[in-house]
Amino acid sequence: MVNPWKTYVKLSAVLMGSHGLTKGSLAFLNYPAQLMFKSTKVLPVMVMGAFIPGLRRKYPAHKYVSAILLVLGLILFTLADAQISPSFSVIGVIMVIGALVMDSFLGNLQEVIFNMNPETTQMEMLFCSTVVGLPL
């Protein structure tokens, strides 16, 4: 094992938060609305990738424009769905947005771990985050 356990504790907490908020949001949102929100994962991943130390990614302007258009489409869908769907709640929207934020941390955190310790294997990442996440 090349990474300290505290790294996997952080990773497991983010993973647990992401899955918990995603599944919990279904109590307040219908499945198509939740799926639409989850499909916009690219935007928070881009934003987090630009600000996380160790990554500081730069994206071309057309990718930002595409992400903004995706979010605008989501807003229009959400407004329409809120009018016609009986199982639509702001609490569900907040939960799924929280899950998206956690997802963006998750992918970028994994990439930082691989960049900081190139000897890290995918098996170690999966095994250790599962072992730590099991009691959580």
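## Secondary structure and extent

The secondary structure of this predicted model comes to 6 helices and 0 strands, where helices (H or I, at least four residues) and strands (E, at least two) are DSSP runs numbered from the N terminus. Read from the N terminus on, the elements follow the order α-α-α-α-α-α, and the C-alpha atoms fill a box of roughly 50 × 40 × 20 Å along the principal axes.

Residues are numbered from 1 along each chain as its sequence is written, and side-chain values use heavy atoms, with hydrogens and water left out. Because the model is predicted, local features need pLDDT of at least 70 and side-chain atom pairs count only at pLDDT 80 or more, whereas totals for chains, interfaces and linings use all residues.

## Helix H1 against helix H5

Two packed helices are described by the angle between their axes and the distance between the axes. Here the axes are lines fitted to C-alpha atoms, for helices over the stretch in contact, and angles run from 0 to 180 degrees between N-to-C directions. The axes of H1 (residues 5–25) and H5 (residues 90–116) come within 8 Å and cross at roughly 150°, which means that H1 is roughly antiparallel to H5; angles under 35 degrees count as roughly parallel, over 145 as roughly antiparallel, 65 to 115 as roughly perpendicular and the rest as oblique.

The crossing of H1 and H5 is left-handed, a term used if the near helix is turned anticlockwise from the far one by less than a right angle, with right-handed used if clockwise. Contact (heavy atoms within 4.5 Å) involves, among others, Lys 10, Leu 11 and Val 14 of H1 and Met 102, Asp 103 and Phe 105 of H5. The residues of this contact comprise 12 nonpolar, 9 polar and 2 charged, where Ala, Val, Leu, Ile, Met, Phe, Trp, Tyr, Cys and Pro count as nonpolar, Asp, Glu, Lys and Arg as charged, and the others, Gly among them, as polar.

By class, the contact of H2 with H5 has 6 nonpolar, 1 polar and 2 charged residues.

For helix H3 (residues 42–51), the axis comes within 8 Å of that of H5 and the two cross at roughly 50°, so H3 and H5 are oblique to each other. Their crossing is right-handed, and the contact is made by Pro 44, Val 45, Met 48 and Gly 49 of H3 together with Leu 100, Val 101, Ser 104, Phe 105 and Asn 108 of H5. These residues of H3 and H5 divide into 6 nonpolar, 3 polar and no charged.

## The largest pocket

The largest pocket has a volume of about 230 Å³. A pocket is, on a 1 Å grid over the protein atoms alone, an open set of points where a 1.4 Å probe fits, with protein on both sides within 12 Å along at least five of seven lines, and lining residues have an atom within 4 Å of a point. Of the 13 residues that line the largest pocket, Lys 10, Leu 109, Val 112, Ile 113 and Met 116 are the closest to its centre.

H1 and H5 each supply at least two residues of this lining, and the largest share, 6 residues, comes from H5. By class, the lining has 7 nonpolar, 4 polar and 2 charged residues.

Terms used
Points joined across faces, edges and corners; volume = space filled by probe spheres on them.
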